[in-house]
Amino acid sequence: MLDLLRSSFRSLFIRKFRTLLTVLGVSIGVLSVVVISCIGQCGTGVVTSELESLGLNGITISVSQEEKAYAPLGEDELDAVLKCDEVEEATPVLMQTTGVSTKRYDSSAFVWGIDTTAEKIISIQVIHGRMLQLLDIQKRQHVCLVDESFAEQAYGRKNIIGKTITIQGISETREYEVVGIVKTGTGLLQNFIGEYIPTFVYVPYTTFQDVLGRTGFDQIAVELTETKDVDKAGEAIISSLNEKIGLTEAYVSNDLAKQRASLMSMMDIVTLILTAVGGISLVVASLSIMTIMLVSVSERTREIGIKKAVGASRGIILTEFLLEAAFISAVGCVVGLGIGYTISFIGAGAFGIQLTVDWSFIAGISLFSLVCGMVFGIYPAIKASRLKPVDALRME
């Protein structure tokens with residue numbers, strides 16, 4: 001076996017430039033698969049971080065579309081939810097897409113009407129100023145929290161505590177004093193597609209009720225106690241609310257963690273499809289192994305004839321050529337993995353994204369690369385092993 005390895009390496013190194021080009025082709029194929037996979041991993045990580053920053057881990061209670069005109073969702077329902085054994089914390093939520101502006105800047109905004117308990121569920125991270133206080137809620141103060149992206153775009157700096165912004169209402173436009181700057185997730189999605197993602201603004205829900213001319217809520221966000229069955233906990237809360245007003249299907253619960261998991265599954269599928277597309281380039285690159293090996297067989301017919309004349313069996317010739325194909329695939333895979341992950345880590349670092357090495361993926365792509373090399377090397381190897389010594393020696 002050692003002699004076969006020496007012979008295979010010697011044959012490859014005699015034709016250095018040709019071998020280098022073949023290795024380079026396989027490396028580019030592996031590199032493309034690695035980079036595409038890492039882009040998918042980074043994208044999934046960024047979206048997961050953004051969703052977690054919005055508090056998409058508990059459940060929300062809302063009124064069903066069929067019973068919207070008959071089922072209330074207000075303070076009494078909030079108290080009823082808080083009394084449920086499955087509930088750790090609950091907070092009212094109002095939501096409205098509207099326009100916000102300063103003297104020099106206009107933007108669309110997603111305005112949240114929240115309570116002081118919202119930060120326990122929605123994961124609001126205040127980086128400057130303060131969170132909304134009980135006095136703000138009770139006195140329906142015109143104060144707000146804005147995200148740091150809006151602050152930088154509107155005033156060129158993150159800390160704009162004390163400044164005022166204008167929020168468009170249903171019947172009137174009012175000014176709100178900025179009392180806090182919040183950081184929403186990594187902010188990467190806003191950096192990449194900021195024109196499609198509105199600014200986040202948080203105001204006291206009581207103030208927002210006045211602005212919208214309403215007394216109820218859009219939703220009640222619920223943080224559950226430690227429970228293994230979120231669906232059953234949601235059903236218990238809904239049942240309690242339905243019983244309270246004497247209806248059967250007035251309220252619905254949404255498991256936000258399950259919705260996030262579904263979204264992540266979809267992103268994983270997209271990443272898998274993109275990786276498969278990248279894998280096609282590896283298959284195409286592996287075709288060059290067959291081409292080079294066929295050329296090698298034609299050039300080494302006399303050598304093969306001599307080896308068979310002195311006693312080399314078909315199995316030995318077959319093994320020698322397969323070892324050459326395996327060596328080209330292995331070296332190309334290692335080089336491709338090295339360059340691919342280097343590029344991916346540099347790119348991820350530039351955007352502040354944490355990238356991890358997936359060893360199962362490395363094992364999978366290495367095996368796939370080796371199998372491709374062997375598959376496309378088998379035909380030239382069989383062709384070489386079937387040469388007859390007499391015919392081979394006749395050829396120059």
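Ile273 sits in helix 10, residues 256-299. Helices (H or I, at least four residues) and strands (E, at least two) are DSSP runs, numbered from the N terminus.

A word on the source. This is a predicted model: local features need pLDDT of at least 70, side-chain atom pairs count only at pLDDT 80 or more, and totals for chains, interfaces and linings use all residues. Residues are numbered from 1 along each chain as its sequence is written, and side-chain values use heavy atoms, with hydrogens and water left out.

Now the packing. Helix 12 (residues 314-350) and helix 13 (residues 359-385) have axes that come within 7 Å and cross at roughly 150 degrees. Axes are fitted to C-alpha atoms, for helices over the stretch in contact, and angles run from 0 to 180 degrees between N-to-C directions. So helix 12 is roughly antiparallel to helix 13 (over 145 degrees; under 35 is roughly parallel, 65 to 115 roughly perpendicular, the rest oblique). The contact residues divide into 18 nonpolar, 6 polar and 1 charged.

Helix 11 (residues 301-309) also meets helix 12: their axes come within 10 Å, crossing at roughly 140 degrees. That pair is therefore oblique.

Helix 3 (residues 75-82) packs on helix 9 (residues 230-245) at about 135 degrees, axes 10 Å apart. That makes helix 3 oblique to helix 9.

Last, charges. How many salt bridges does a search of the whole structure find? It finds 6, each a side-chain nitrogen of Lys or Arg within 4 Å of a carboxyl oxygen of Asp or Glu. Glu148 and Lys158 form a salt bridge at 3.5 Å, N to O. Glu148 lies in helix 6 (residues 148-155) and Lys158 in the loop between helix 6 and strand 6 (164-168), so the pair ties together parts 10 residues apart in sequence.

Technical notes. Ala, Val, Leu, Ile, Met, Phe, Trp, Tyr, Cys and Pro count as nonpolar, Asp, Glu, Lys and Arg as charged, and the others, Gly among them, as polar.
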